[in-house]
Amino acid sequence: MIYSLSIVLLLGSCKRKDNLECIKKFKQLDSLKNKDNLYIIPGSGCTGCISDIETLALNNVTNPNKYFLFTKIKSVKLFKNRFGIDFIKHKNVILDTANLFNYPTKYNEIYPLLLFKENGLLKVKKSFKP
């Protein structure tokens, strides 16, 4: 019993690390510096939570310390129509059209996340839940 629990905890911790390690697949985030914020915004889920962070993205698209990764996008065409081509062209806006980002837990994938870089490591700072 204790052995099984240890394996589950070990696999869970590895899985969590792998989820944040997937950020390395996005070359645009290579320039992420300590204290920079990375917002993960799902294409669907908690509507109020998502729309608040989308507004934050629209208002901060030129802020060099804030990055916005949009994931679980159902239609790139609709996304472009909603936000505009100019918005998408900013270096701190990343579209995860291949759904490479994996949330640390399945339960949280309907909520935006805020990650930050500290001492070279990405950490979850906040999950935006109602």
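How many salt bridges does the structure hold? There are two, where a salt bridge is a side-chain nitrogen of Lys or Arg within 4 Å of a carboxyl oxygen of Asp or Glu. Keep in mind that this is a predicted model, with local features needing pLDDT of at least 70 and side-chain atom pairs counting only at pLDDT 80 or more, while totals for chains, interfaces and linings use all residues. Residues are numbered from 1 along each chain as its sequence is written, and side-chain values use heavy atoms, with hydrogens and water left out.

**Salt bridges**
- E54 and R82 pair up through their side chains at 2.6 Å, N to O. E54 sits in helix α2 and R82 in helix α3, so the pair ties together parts 28 residues apart in sequence.
- E54 is buried at 7% relative accessible area, whereas R82 is exposed at 56% (buried is under 20%, exposed over 50%, partly exposed in between, with a 1.4 Å probe and protein chains only).
- E118 bridges to K123, with the closest N and O atoms 2.8 Å apart. Here E118 is partly exposed at 25%, and so is K123 at 33%.

**Helix α2**
- Helices are DSSP runs of H or I with at least four residues, strands runs of E with at least two, numbered from the N terminus.
- C49, I50, I53, E54 and A57 are the buried residues of α2. They fall within an arc of 130° seen down the axis, so they line one face of the helix (the arc takes directions from the helix axis to the C-beta atoms).
- T47, D52 and N59 are exposed on the face turned away from that buried side.
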